[in-house]
Every structure is written in structure tokens, then in C-alpha cells.
Amino acid sequence: MSVPQPPEPIPGARLLFSLDPAVSHLNHGSFGAVPIGVQRAQQRLRDEMEANPLRFFTQGLVDRIAHTRRHLAGFLGADPDGSALVGNTTTGVAVVLQSLGLQPGDEVLSTDHGYGAVSLAIQRECRRTGAVSRVLPIPLAASDEQLVQIIREGLRPGRTRVLVVDQLTSATAKLFPTAAIVGVAREHGVPVLVDAAHAPGMLSTTVASIGADFWVGNLHKWAYAPRGTALLAVAPQWRDRIEPLVVSWEQESGFPARVEWQATLDYTSWLAAPAGLFTLRSLGVDRVRSHNAALAAYGQRVVADALGVPPAQLPDPGGPEVSLRLIPLPAGMAATIDAARALQARIGERLAAEVAVMSWNGRGWLRLTGQVYNTADEYEQLAARLPALLAQR
């Protein structure tokens, strides 16, 4: 099977970012990269804040946040009145979990593809309330139909208080059929919390079309917002029950203001987020999505071929817009989180290439991303040098 051709570069896209040109940045999925124009927009807001802090925080800031929320929610296809801005997906998950009113004997159901910090949040809330965490194992190669069936059989109506699933998994770069999962859970009366950390900007699926009880996604990864910008969307029947992690002056205003207002938080990342969407729209949303997915697929095959991994062993992400791709590492390599982190650091130091190395179910994986600032030769250079580094174990 031939290697897919890389997409044509988007002219001028690389110049929009302040990334170190001596490094290949092939891990956009972890922390994103903020375009220069968005950085400047946020700095102007910071300058405004520091010029007169009292005026900035006390005259119209709540309305400015609400206006920003409406803009971001509209882009994502979410109800602005049923959404709240939060710092990141992990924060949104924590807000939902502690608002559910879990009790001893209740069950929080998730899968073994879940993000580590989310799993830790589930465990902590279960310890605090006496609820039980149960994790469903799902094979990496499971089809959508198989995945939905595993979840259907795993639900325990009357006991499962919430199902936590990813829209696009971080550790395994697998697109879950979230709308179908929500449909099955609804048949059994189980609410669903969707971890959509990677969805905004990358995937075209709208929040409303998924129909989840709770959905939370980061805009600072694939939507070019400043870091610390995420949207939590909540179905109508749950909004009165959502409580913030910290009570502040907007508590009596109800959701979403009670969640958004956190006293002297630096709100400039949220207020500058529309500048990120402007950048994305200027480049062309569909153009960026197709470019990034095609480039990630090219990088996956080039590096996999260099490591001697047959195409049949490369995980299928499950959708044409996915800009995350996995490559299995040699058996026994990066099999633990600590070993994965050490290898990731070694690749960064010796090859000047920032990648993600994941450990999932006792197996090490290399995760690559595609972004408008990347070029095909960056993956080719990694492919040429990585085998020798891995041989130096």
C-alpha cells in the first residue's frame, strides 16, 4: 500500500505562530499553539486590565464574558444560555461530577480510553461520596457498532448514575460514536458526560447534534484560543443543579454565571478566544481540518514505515477529520507512564522534535498531530532519525 501524499501547505500559515523554528512541533494536541494575532489580542486586554483593574473587573465584565460565551457557543452549535466558560475540560468534568449528588452505591461508568486526569477526578469523587467507579475495557480496533454494544451491555439502569465517554480520545486517538452512545444511554435512563477536549476546531460535529447531558471541550487546542478556554454545555434539566467548584459573587445568578465568575481570575484568555476563531475562519475552517488530518495521516505512515510497522497495524482514528494519529512502538518500550514521559523527553532533546508518547494498556504508542504550521519534511526527518534513537534503549 502506497504512502498517502501530504497536503499542499497553506501559504503563510507558519508565520502566524511564534513557535521555535529549530524544533518540529508535532504534538499540537497537548497544549495547542496560540497564533501571534491572538497573543496580541490577549495582551491588549491585559493592558486594559492593568491600566485600571477596578474598572475592568467591576464595569461590564460579566456582560463581556456572556457575549464571548455566546460567540463561542454559536461556533460549536451549543445553546449559549446552557453553556458556561471554564478553564479547561478537566475543570468542566470536575464541576459536573460534584454537581451530580452521588451517593454510596451509585456508579460512575467510564472506559479504559479515558483521559488520566478525568479518571483521577472520577476516583476522587467516588472516594468522597462512597460511589463506585467502573471502567469498561474497549479494544482499540473495536468498530462503532461493537463499541456501542459494549457500552449497552455495561450500563446498569438504576445504579449507573453517569456515563463518562470521550468524543475523541487523547491516549488512543479514537473517535467515539458519541451520538449513538448518548442514544443508548438515554434508553436506559443514564445521563452522559462527554469529554470533548479535542473536538472544538477539529471536528465539525455540533454539540446539539450529540445530545449529551453534559459536554465539555477545549478551545485552546484546535480552535486557536489562548490556553485556559473551554466550554461546558449542559442540558436544560441539569442547569439548576450545576454548582461551581468555588462560590463567588455571581452565585445567586444561577447557571452559567455562577460557574464563570471566579473573582480575580484572569478572564483575558476567554475574551480573546474569538480572535482565535477569526484566525481559523480566515484560514478556512474546512481547509484547515482537511489539511491537518491529511498531514497527520502522512506522518503516521512515514514514521510507521521507518519503524517497520505494517499499515494493517496502524489504528484507524475512525473519522476523516481526526488530526491525531498513533504508531505502535516496539514491544516493551514506553510500557508505563514514567517510561513514556522519559522517551518523549529524550526525543525532544535529541531529535528536536516534540511528540507525544503514550502508554495505554501496557503498550507504548507514539502520537503525532498535524497542524497548519507543520510541513511534510518534519515527519520525514523524524522518520529518518527515530529508529536509531529507539535502538539505543
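Student: Across which strands does helix H12 lie?

Tutor: Keep in mind that this is a predicted model. Helix H12, residues 285–306, lies across S9 and S12. The helix runs at about 10° to S9.

Student: How do strands of a sheet pair in general?

Tutor: They pair through backbone hydrogen bonds, either parallel or antiparallel. Now for the case here: the open sheet has three strands in the order S9-S12-S11, and the pairing is antiparallel.

Student: Which are the edge strands?

Tutor: They are S9, residues 324–328, and S11, residues 356–360, each of which pairs on one side only. On average, neighbouring strands of this sheet are turned by 35° against each other, with direction ignored.

Student: Let me turn to a single residue. Is Val-184 buried or exposed?

Tutor: For this we compare the relative accessible area with a cut-off: under 20% is called buried. Val-184 has 5%, so it counts as buried. You will find Val-184 in helix H8, residues 178–187.

Student: Which residues does Val-184 touch?

Tutor: Leaving out residues up to four places away in sequence, Val-184 touches Val-148, Arg-152 and Leu-155.

Student: How far apart in space are Val-184 and Leu-329?

Tutor: They are 35 Å apart, C-alpha to C-alpha, with a sequence separation of 145 residues.

Student: Now the whole chain. What radius of gyration does it have, and what would a compact globule have?

Tutor: The rule sets an expectation from the number of residues. With 393 residues, a compact globule would come out near 21 Å, and the chain has 21 Å, so the two agree. Along its principal axes, the C-alpha trace spans about 60 × 55 × 35 Å.

Student: What share of the residues counts as buried?

Tutor: Of the 393 residues, 56% do. The accessible surface of the chain is about 16,600 Å², and carbon and sulfur atoms hold 53% of it.

Student: And what share of the contacts joins residues 24 or more positions apart?

Tutor: Among contacts with a separation of 6 or more, that share is 73%.

Student: Finally, how many helices and strands does the chain have?

Tutor: The secondary structure comes to 14 helices and 12 strands.

Notes. Residues are numbered from 1 along each chain as its sequence is written. This is a predicted model: local features need pLDDT of at least 70, side-chain atom pairs count only at pLDDT 80 or more; totals for chains, interfaces and linings use all residues. Side-chain values use heavy atoms; hydrogens and water are left out. Two strands pair if DSSP finds at least two bridges between them. Helices (H or I, at least four residues) and strands (E, at least two) are DSSP runs, numbered from the N terminus. Axes are lines fitted to C-alpha atoms, for helices over the stretch in contact, and angles run from 0 to 180 degrees between N-to-C directions. Contact means heavy atoms within 4.5 Å. The radius of gyration is taken over C-alpha atoms; the globule rule is 2.2 Å times the number of residues to the power 0.38. Buried means under 20% relative accessible area, exposed over 50%, partly exposed in between (1.4 Å probe, protein chains only). Accessible areas come from the Shrake-Rupley method with a 1.4 Å probe; for residues, only the protein chains shown count as cover.
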